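Let's take a quick tour of the open spaces in this protein. Have a look at the sequence and the structure, then read on.

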Amino acid sequence: MSTIEIRRVTEADEQDWHLLWRGYNEFYQRDVESRATNRVWDALKGETGEPFGFVAEDDGKVVGFTHYFYLRSTSDWGPRCYMQDLFADPSVRGLGVGRALIEAVYADADKHGAAQTYWLTTTSNKTAQKLYDRVASMTAFVKYRR
């Protein structure tokens, strides 16, 4: 594997991003409305608002992505950075793509004075948790939703 390049999304990434997005949503067994997908893509490619995002590129091919938001906090002065999506093509997992994407988000969060960067994953996603345990600390919070 050559050197992984982490960079902002461009319009030229559309086909690769959509392919990875589809794989990501299949992994989490979720259906995403096309209008939601279009909103995410439009924000990413134009850097017109959140989510912000990066892609990982290897030999000219986009092999991973991350999307994140900044949220105000009631207990911290700086915002919190929520990394909502992180995905690497299965063919490159374990080769540093996920770590490189997380580190890019950390760097941007630091640049914006974020008090913390956090994300969620399913309890069954043990492969990702091996990486997450090396780059972050698990919290005791439990998620509820309606």
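Before we sort the residues, here's the rule: Ala, Val, Leu, Ile, Met, Phe, Trp, Tyr, Cys and Pro count as nonpolar, Asp, Glu, Lys and Arg count as charged, and the others, Gly among them, count as polar. Keep in mind that this is a predicted model.

**The largest pocket**

- The largest pocket holds about 1,300 Å³ of space.
- Its lining is made up of 28 residues, and Tyr82, Trp119, Leu120, Thr121 and Thr122 are the ones that lie nearest the centre.
- Two or more lining residues come from each of β4 (80-88), β5 (116-118) and α4 (126-135).
- The top contributor to this lining is β4, which gives six residues.
- Sort the lining of the largest pocket by class and you get 13 nonpolar, nine polar and six charged residues.

**The second largest pocket**

- In the second largest pocket there's about 450 Å³ of space.
- Here 23 residues form the lining, and nearest the centre you'll find Arg93, Gly98, Thr127, Ala128 and Leu131.
- The elements giving two or more residues to this lining are α1 (14-27), β4, α3 (97-111) and α4.
- This time α4 gives the most, with seven residues.
- By class, the lining of the second largest pocket splits into twelve nonpolar, six polar and five charged residues.

**Elements to look for in both**

Technical notes:
Residues numbered from 1 in each chain as written. Predicted model: local features only at pLDDT ≥ 70, side-chain atom pairs only at ≥ 80, totals over all residues. Heavy atoms only, no water. 1 Å grid on protein atoms, 1.4 Å probe; cavity = no way out; pocket = protein on both sides within 12 Å on 5 of 7 lines; lining within 4 Å. Points joined across faces, edges and corners; volume = space filled by probe spheres on them. Helix = DSSP H or I, 4+ residues; strand = E, 2+ residues; numbered from the N terminus.
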